[in-house]
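Good morning, and thank you for coming. Please look at the sequence and the structure that I am about to show.

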Amino acid sequence: MKEKNIIQICFCVSLVGILLFVFFYEADFQKTSISKLIEKEGNKGIVYGEVDYVISKEPTIFIFTNEISVKAFSPKKLEIAQGDKLYLYAESQIYKEEKELFVYRVEK
Amino acid sequence: MILFLLIGIILGIIAGLIPGLHSNNISKIIIFLPFFGTEILVLIIALGITQSFVDFIPSILLGAPDSETYESILPGHKLFLKGRAHEAIALTVFGGILSVAIAILFLPFFIEFIKINTSYFPTIIPVVLLTTLFILVFGEKTRNKKILILFVIIASGTQGLLFKEQIFPLITGYFGLPVLILSKPKEKVKQETKFDISLKNIKESLTGTIGGAIVSIFPGIGNNLAAAIIRTFRQKIKTKNYLVLLGSINTSNFIFSIPVLFFLNKARNGTVIALKDSIFFTNNELFLSITIILIVSGIAGIITLVISKKLLKFSFDFRKIEKIIIFFLIFLVFIFNGFFGLIALFFSTSLGLLTNLVGVKRSSCLASLIIPTLLFYLFF
């Protein structure tokens, strides 16, 4: 096997990766806006904003704002305070007929 | 995402080419950057995979050590002196790229295996580590060598306990400086860049991939020790086959460390530590990891061959370069680990020189990692 054959194998391996990525990969969480995220129940995304008001510490419930405000819920206790700017990994859900975000993870 | 892929590849090349600058060190810096999720996942995987290919270049061309590739220094240099350094590097690329294909095919079985057996690992790990030490001792043929290697294991184990946070000076002292200090002045060797690799080497790649999978599960057993153990069982392994084996273990270890992180939440590879708190563990992220591994490994393989060819065109004064590397490594140890690191380097280099001079397996020095891990699993 000569150098050009190894390069051909390398090329094929990369090509398989590119094809798999293009045809089958669908990102779970992509950056979006709060308004787009809450458009439909079950939407997942990463949203940036500010903690407007902390309603409860455990489970953590807070009002999250960026252009519009929405209630966010995390079953786990989050170390956040009013005024914190953060990214939320969240899923849109409807609770008691009100749109809110279920928070999976927080990045400051 | 493409930007992070490119940055990862560039950082991987830098980490691979500069002796002593390991991707672990770069990933420690990345943790503090404001990236997370898929961004950091793509960056770290591109970095780790590229580095797993490129880091054979300094080991083979200069004899400069790296914690993941030091076993390649001797076989690599053997081919270097025959004017076939490029072939030596191509053999590691061949092993690496084949192991990517094999590892991806085996991945579903590997994931099932670690999911089912997670609870047994704390019991199995000390048994595997103890067996490894026994293999090292009884793998030596004469009684004198058995006693000598036992001494090295005890001494390096003690150093591992005394210098707990000094892995870089220890690895440099055991595997890097002794080779550079003891290397004979090399005459300029005309390097041939054409080669023909036998397809029989595929079976070495399969063995290496299995070795990489085992290394990714068990702490303390590095790529090089796994290669040394395989060599113990196969006394007549040829230099070329051994380089394919090393290339396979190095790359597959990184690949398998990703599902180990996803499903066991254990970072067995220094590079993936940066991912531990930065990504969201979903099947989609795992699928993304696999596609990035495939894309980057092909690119990294080609890059490694191109860089090797370009470097061999220059005429180096290797004796001068070796001296520069010796001082550079001592300087890096001082920068990363301070004065205490220099003390660790002094003792580890002494032990490394001893293993080289008396001719016992250098891998026995890895007892400095195995013994502290063993004690942790037995008593804590």
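Predicted model: local features only at pLDDT ≥ 70, side-chain atom pairs only at ≥ 80, totals over all residues.

Let me begin with chain A. It contains 2 helices and 6 strands, and along the sequence these elements follow the pattern α-β-α-β-β-β-β-β. What are the spans of its C-alpha trace along the principal axes? They are about 65 × 25 × 25 Å. The radius of gyration of chain A is 20 Å, whereas a compact globule of 108 residues would have a value near 13 Å. Of the 108 residues in chain A, 32% are buried. If we take the contacts in chain A with a separation of 6 or more, 46% of them come from residues 24 or more positions apart.

Two places in the backbone of chain A deserve a moment. Now consider A:Glu58 and A:Pro59, which are joined by a cis peptide bond with an omega of about -5°. A:Pro59 is placed in the loop between strand 2, residues 44-56, and strand 3, residues 60-66, of chain A. Is A:Glu67 buried or exposed? Its relative accessible area is 77%, and the cut-off for exposed is over 50%, so A:Glu67 counts as exposed.

One further residue of chain A is A:Glu98, in strand 6, residues 98-107. A:Glu98 is partly exposed, with a relative accessible area of 40%. Leaving out residues up to four places away in sequence, A:Glu98 touches A:Lys71 and A:Gln93. The C-alpha atoms of A:Glu98 and A:Ser74 are separated by 16 Å, and these residues are 24 apart along the chain.

I turn now to the interface. How many residues does each chain bring to the contact? Chain B gives 35 residues and chain A gives 28 residues. Together the two chains bury about 2,700 Å², of which 70% is on carbon and sulfur atoms. Across this interface there are 5 residue pairs in polar contact. On the side of chain B that touches chain A, at least two residues come from each of helix 3 (38-54), helix 6 (85-117) and helix 14 (283-313) of chain B. Helix 14 gives the most to that side, with 14 residues. Sorted by class, that side of chain B has 19 nonpolar, 11 polar and 5 charged residues.

Next, the charged pairs. In general, side chains of opposite charge can pair when their charged atoms come close. The structure holds 6 salt bridges over all chains, and 2 salt bridges are found across the interface of chain B and chain A. One of these joins B:Lys309 and A:Glu3, at 3.5 Å from N to O. The pair crosses from helix 14 of chain B to helix 1 of chain A, residues 3-24. B:Lys309 is partly exposed at 31% relative accessible area, whereas A:Glu3 is buried at 12%.

Within chain B, B:Glu87 and B:Lys240 meet in a salt bridge of 3.0 Å, N to O. B:Glu87 lies in helix 6 and B:Lys240 in helix 12 of chain B, so this pair ties together parts that are 153 residues apart in sequence. B:Glu87 is buried, with 5% relative accessible area, while B:Lys240 is partly exposed, with 28%. B:Arg84 is linked with B:Glu87 and B:Lys240 in a network of salt bridges.

Another salt bridge is formed by B:Glu140 and B:Lys361, with the closest N and O atoms 3.8 Å apart. B:Glu140 lies in the loop between helix 7 and helix 8 of chain B, and B:Lys361 in the loop between helix 15 and helix 16, so the pair ties together parts that are 221 residues apart in sequence. B:Glu140 counts as buried at 8% relative accessibility, as does B:Lys361 at 16%.

B:Ser248 is buried, with a relative accessible area of 0%. Beyond its neighbours within four places in sequence, B:Ser248 is in contact with several residues, including B:Gly95, B:Ser99 and B:Glu204.

Technical notes:
Residues numbered from 1 in each chain as written. Chains lettered and ligands numbered in written order. Heavy atoms only, no water. Contact = heavy atoms within 4.5 Å. Buried area = accessible area lost by both parts, 1.4 Å probe. Salt bridge = Lys/Arg side-chain N within 4 Å of Asp/Glu carboxyl O. Polar contact = N/O pair within 3.5 Å; in protein donor to acceptor, adjacent residues only side chain to side chain. Helix = DSSP H or I, 4+ residues; strand = E, 2+ residues; numbered from the N terminus. Nonpolar A, V, L, I, M, F, W, Y, C, P; charged D, E, K, R; others polar. Rg over C-alpha atoms; globule rule 2.2 N^0.38 Å. Buried < 20%, exposed > 50% of the residue type's maximum accessible area, 1.4 Å probe, protein only.
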